[in-house]
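This report goes through one chain and the ligands placed with it. Look at the sequence and the structure first, then read on.

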Amino acid sequence: MNKDRKTEIARRRFLKGLVLGAGGSAVAAVPALPRTPSGRLGKVRYGMLIDLRKCVGCQSCSVACKSEFDVPLGVSRSWVEYVEKGVYPHVGRTFLPRLCNHCSDPPCVSVCPTGATYKREQDGIVVVDDGVCIGCKYCILACPYDARFLNPVTRFADKCDFCIHRVSKGLVPSCVNTCPAGARIFGDLNDPGSQISKTMARNRVSVLRPEMGTQPNVYYIGADHTEPGNVKRHEAGEVRVVTHRRDPERR
Ligand code: SF4
Ligand code: SF4
Ligand code: SF4
């Protein structure tokens with residue numbers, strides 16, 4: 001473990017002690033530093049690209065994530081929304097897989113009073129340190145994407161962490177590994193030679209809610225950004241977005 005990381009852990013232990021007093025629990029194990037997939041020198045910026053032309057809405061990604069992390073019923077780290085619109089008989093349904101965007105300017109980090117939520121220097125993954133989280137929910141309210149929840153079992157903030165335990169071993173996240181359509185690509189956005197960078201260079205991509213200024217690192221090809229609130233303005237007429245998150249309207 002390098003000196004900077006040791007100092008960071010000491011800082012988080014200290015902060016948790018300030019907030020909780022002497023009875024705080026032990027700090028969680030620190031994940032190993034990841035390797036740059038291509039062996040390239042320099043910082044990694046991990047991201048995901050989801051090609052909605054290929055997505056068939058099978059929810060395999062959602063199930064794989066539930067299984068990987070033993071996510072309790074009623075909450076999700078990864079989920080798929082349905083966007084339905086049109087007027088019978090001209091109706092259509094498209095899919096929108098969702099997860100934490102691992103934003104470059106994440107509001108969930110700046111509001112966290114203990115430093116439990118932080119963005120990893122070495123690869124940009126936004127993580128929650130259970131050993132320091134006090135379950136105050138500030139980060140859950142601050143996220144413009146409804147990507148976080150309070151885990152009903154652990155009582156800590158929870159969300160996607162790009163399967164850090166797999167990625168640090170050179171594997172792709174479980175949702176990417178499971179997708180039968182090959183719709184999800186994970187990799188280093190700072191590496192122009194990575195599959196994700198090359199695919200993004202060849203296609204028009206978009207992010208969710210760019211107006212929030214969070215700079216998401218999850219990109220989409222062919223996303224339908226229709227919001228339920230657009231129903232009156234949208235020429236397609238009826239619009240319904242189905243999600244199983246706590247907020248019925250997409251955020
Ligand atoms: S999507 Fe939400 S939880 Fe994830 S980094 Fe961005 S603001 Fe934080
Ligand atoms: S609930 Fe969120 S804001 Fe509060 S301590 Fe935990 S990670 Fe930080
Ligand atoms: S596993 Fe792939 S095809 Fe199935 S819903 Fe998820 S992204 Fe879409």
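The model is predicted.

How many residues of the chain count as buried? Of its 251 residues, 34% do. Contacts can also be sorted by separation along the sequence. Among those between residues at least 6 apart, 63% join residues at least 24 apart.

The mean pLDDT is 84, and 74% of the residues reach 70 or more. Residues 1-6 have a pLDDT below 50, and this stretch has three contacts in the model beyond near neighbours in sequence. Over residues 13-34 the pLDDT is also below 50, but that stretch has 36 such contacts.

Two ligands have their surroundings described here. Around ligand 3 there are 16 residues, and the closest are Cys55, Cys58, Ser60, Cys61 and Cys179. Helix α2 (60-69) and strand β3 (90-98) are the elements that give two or more residues to this shell. Ligand 2 is surrounded by 14 residues, of which Cys112, Cys133, Cys136, Cys139 and Ala157 are the closest.

The table sorts both shells by residue class.

| Shell | Nonpolar | Polar | Charged |
|---|---|---|---|
| Ligand 3 | eleven residues | four residues | one residue |
| Ligand 2 | ten residues | three residues | one residue |

Methods: Residues are numbered from 1 along each chain as its sequence is written. Chains are lettered from A and ligands numbered from 1 in the order in which they are written. This is a predicted model: local features need pLDDT of at least 70, side-chain atom pairs count only at pLDDT 80 or more; totals for chains, interfaces and linings use all residues. A residue is near a molecule or strand if its C-beta atom, placed from the backbone, lies within 6 Å of it. Helices (H or I, at least four residues) and strands (E, at least two) are DSSP runs, numbered from the N terminus. Ala, Val, Leu, Ile, Met, Phe, Trp, Tyr, Cys and Pro count as nonpolar, Asp, Glu, Lys and Arg as charged, and the others, Gly among them, as polar. pLDDT is the predictor's confidence in each residue, from 0 to 100. Two residues are in contact if their C-beta atoms, placed from the backbone, lie within 7 Å. A residue is buried if 20 or more other C-beta atoms lie within 10 Å of its own, exposed if 12 or fewer, and partly exposed in between; C-beta atoms are placed from the backbone.
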